[in-house]
Amino acid sequence: MNHKVLKSKIIKIFKKYKLSNEHALICANAIINAELVDAPTHGLSRLKMYCDRINKKLINPRPKIKIKKISQSISQIDADNSIGFVAADIAIKEAIKNAKKTGIGLVGIKKSGHYGMSGYYAEQAVKKNLIVFCFTNAPPAIAPYGARKSLFGTNPVCFGTPTSSKVPFILDTSVSVINRGKIRVAERAGKKIPEGVALDKFGKPTTNAKKALAGVQLPISSFRGSGLAWMVDILSGVFTGGNHGGRVKDPFDDFSGPQNIGHLFLVMKSNLFVGNYSKRIKENIKRVKRLPKIKGVKEILYPGQRKHRRYKKNLNKQINIPFNIAKDLKKLDA
Ligand SMILES: NC(=O)c1ccc[n+]([C@@H]2O[C@H](COP(=O)([O-])OP(=O)(O)OC[C@H]3O[C@@H](n4cnc5c(N)ncnc54)[C@H](O)[C@@H]3O)[C@@H](O)[C@H]2O)c1
């Protein structure tokens with residue numbers, strides 16, 4: 001389907017679920033962006049889940065989002081159980097505003113929900129020539145190093161910087177070997193997952209998506225990944241006032257209350273310490289790119305480059321909607 005047609009369908013669905021025009025547009029933009037960067041695990045495949053949670057009054061479609069100014073640089077947002085896309089969109093704009101004024105913008109968000117891809121918000125700051133970190137916690141998926149039970153989410157770490165070219169540097173990665181959305185999509189499609197990404201509930205390696213969801217996902221690099229997941233939980237949950245320590249509810253399976261996810265956005269002017277940042281970052285990337293390459297590698301890419309290329313290519317293509325998701329879409333749109 002053409003992305004413009006799909007976007008208007010998503011807007012219509014969110015409005016049917018009582019979101020305002022403005023909020024429906026924010027959500028539709030984020031979902032379409034995920035599809036266009038070939039991350040369908042964070043796009044349409046979650047639309048039904050968001051609508052189900054609105055129906056069950058676990059996402060507030062008409063939130064009264066409160067922004068508390070702590071200083072010129074720092075704001076705290078109580079998102080009133082809004083859909084995560086809306087809370088994050090308001091928050092990144094606030095962080096950008098603060099950074100433009102003082103050099104640094106720090107925004108902590110509580111009572112939010114799943115916001116999709118961190119890189120989508122990081123890009124907004126980078127487009128304004130700012131450096132950015134985005135953190136969010138997520139429902140239990142990873143067992144802390146040494147534990148048998150999951151508690152940390154796949155808690156993405158995201159860093160972005162302008163590069164002096166049109167293509168931003170956006171490192172945006174889950175701290176699990178693969179993101180949970182990929183396991184969910186495999187489960188729905190009845191497909192296997194790769195080896196080495198998850199254990200079943202008895203602690204045995206599995207390639208069965210259903211068993212992996214009931215078991216634990218493996219963090220990247222053993223205790224290092226577990227440590228990063230913990231760091232993100234502290235920054236996004238403990239620090240902001242959001243849920244933490246395994247209390248973030250799974251949006252697909254746990255309908256016992258709102259998620260109360262926390263996010264933290266830190267935005268900085270790139271010229272805080274040097275006047276010639278854009279020259280320095282250009283030189284930095286050039287030094288990496290001109291290294292001798294291993295066999296089979298044509299070009300050394302920086303994080304975000306591939307996504308940018310996919311986005312541009314996909315803009316002129318039809319978005320492929322798998323059969324089960326097309327069925328959901330039709331029902332939601334009826
Ligand atoms: N909201 C949530 O709760 C939540 C949880 C987990 C993940 N996510 C999101 O899921 C998305 C996907 O996460 P992921 O872990 O699957 O990411 P990924 O594995 O697709 O990419 C990770 C990083 O590696 C970079 N990369 C990929 N190929 C590269 C190459 N050849 N050379 C250099 N860099 C390369 C990418 O640009 C990206 O920055 C992210 O946007 C993340 O924010 C969200």
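Reply: A residue is near a molecule or strand if its C-beta atom, placed from the backbone, lies within 6 Å of it. The model is predicted, so local features need pLDDT of at least 70 and side-chain atom pairs count only at pLDDT 80 or more, while totals for chains, interfaces and linings use all residues. Residues are numbered from 1 along each chain as its sequence is written.

Me: Which residues come nearest to the ligand?

Reply: Met117, Ser118, Ala138, Pro156 and Ser174 come nearest, out of 25 residues around the ligand.

Me: Which helices and strands each supply at least two residues of the shell around the ligand?

Reply: Helices (H or I, at least four residues) and strands (E, at least two) are DSSP runs, numbered from the N terminus. Helix 5 (118–127), strand 6 (169–173) and helix 10 (305–314) each supply at least two residues of the shell. Strand 6 gives the most, with four residues.

Me: How do the residues of the shell divide by class?

Reply: Ala, Val, Leu, Ile, Met, Phe, Trp, Tyr, Cys and Pro count as nonpolar, Asp, Glu, Lys and Arg as charged, and the others, Gly among them, as polar. The shell around the ligand has ten nonpolar, twelve polar and three charged residues.

Me: How are two packed helices described?

Reply: They are described by the angle between their axes and the distance between the axes. Axes are lines fitted to C-alpha atoms, for helices over the stretch in contact, and angles run from 0 to 180 degrees between N-to-C directions. Here helix 2 (residues 21–36) and helix 4 (residues 84–102) pack at about 95°, with their axes 9 Å apart. Helix 2 is therefore roughly perpendicular to helix 4 (angles of 65 to 115 degrees count as such).

Me: Which residues make the contact?

Reply: Two residues are in contact if their C-beta atoms, placed from the backbone, lie within 7 Å. Helix 2 contributes His23, Ile26, Cys27 and Ala30, and helix 4 contributes Phe85, Val86 and Asp89. By class, this contact has five nonpolar, one polar and one charged residues.

Me: Is Ile131 buried or exposed?

Reply: A residue is buried if 20 or more other C-beta atoms lie within 10 Å of its own, exposed if 12 or fewer, and partly exposed in between. Ile131, in strand 4 (residues 130–136), is buried, with 23 other C-beta atoms within 10 Å. Leaving aside residues up to four places away in sequence, Ile131 touches Thr161, Met268 and Ser270.

Notes: Angles under 35 degrees count as roughly parallel, over 145 as roughly antiparallel, 65 to 115 as roughly perpendicular and the rest as oblique.
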